Amino acid sequence: MKIRRVVTGHDGDGRAIVVKDSEMDNLKVMKSGNRGVLVWVTDSSPPPVDGDDDPAYREMGIAPPPGGSAFRILEVPPGKDAFMHCTDTIDYCIVMQGECVMLLDDGAEVAMRAGDVMVQRGTWHGWANRSDAPVRLAFVLISAKPPERRLHDAL
């Protein structure tokens, strides 16, 4: 999985510059068995925009730090069953490539294809790839308060 990441910042005079422009080299096999790249992480909201740290190399689970956010690209291989999970987050999901099915704990299934978007609100869910080609998903997870009622515990 090749992901090119461009990161901007400011020079000493405050002008906008590109500080990084390279292919991500932090590909990991996730707990789900899917391959993923952590693109960026914040620890608070609003986060600082200055600094030289690259949070993409941080070791972390699925959810961002409390009060923070995480941007991740995930690739689900062909024929992969859903890894059911939930986090105390608002998740913005964009299907970048391929087709998949999002499953919920009540048995509901939603077919998703490239260009579709979804907002997950702390629900128990999983992504299954029933096709013969990989599916690539982009996620932005934002730390959130847990729901008042949920059948399953967050991971």
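A residue is called buried when its relative accessible area is under 20%. The exercises below apply this cut-off to a predicted model.

**Exercise 1. Determine how many disulfides the structure holds, and examine C86 and C93 in turn.**

*Solution.*

Step 1. A disulfide requires two cysteine sulfur atoms within 2.5 Å.

Step 2. For C86, the nearest cysteine sulfur belongs to C93 and lies 16 Å away, and C86 is in no disulfide.

Step 3. For C93, the nearest cysteine sulfur is that of C100, at 6.8 Å, and C93 is likewise in no disulfide.

Step 4. The total for the structure is zero disulfides.

**Exercise 2. Classify C86 and C93 as buried or exposed.**

*Solution.*

Step 1. The relative accessible area of C86 is 0%, so C86 is buried.

Step 2. C93 has a relative accessible area of 1% and is therefore buried.

**Exercise 3. Identify the strands that pair with β5, and explain why β5 is described as largely enclosed.**

*Solution.*

Step 1. Strand β4, residues 35-42, pairs with β5 in the antiparallel sense, over seven bridges. Within this pairing, T42 stands opposite S69 of β5.

Step 2. Strand β11, residues 135-143, also pairs with β5 in the antiparallel sense, here over eight bridges. I73 stands opposite A138 of β11.

Step 3. Strand β5 spans residues 69-76, and seven of its eight residues are buried; β5 is therefore largely enclosed by the rest of the structure.

Technical notes
Residues are numbered from 1 along each chain as its sequence is written. This is a predicted model: local features need pLDDT of at least 70, side-chain atom pairs count only at pLDDT 80 or more; totals for chains, interfaces and linings use all residues. Side-chain values use heavy atoms; hydrogens and water are left out. Buried means under 20% relative accessible area, exposed over 50%, partly exposed in between (1.4 Å probe, protein chains only). Helices (H or I, at least four residues) and strands (E, at least two) are DSSP runs, numbered from the N terminus. Two strands pair if DSSP finds at least two bridges between them.
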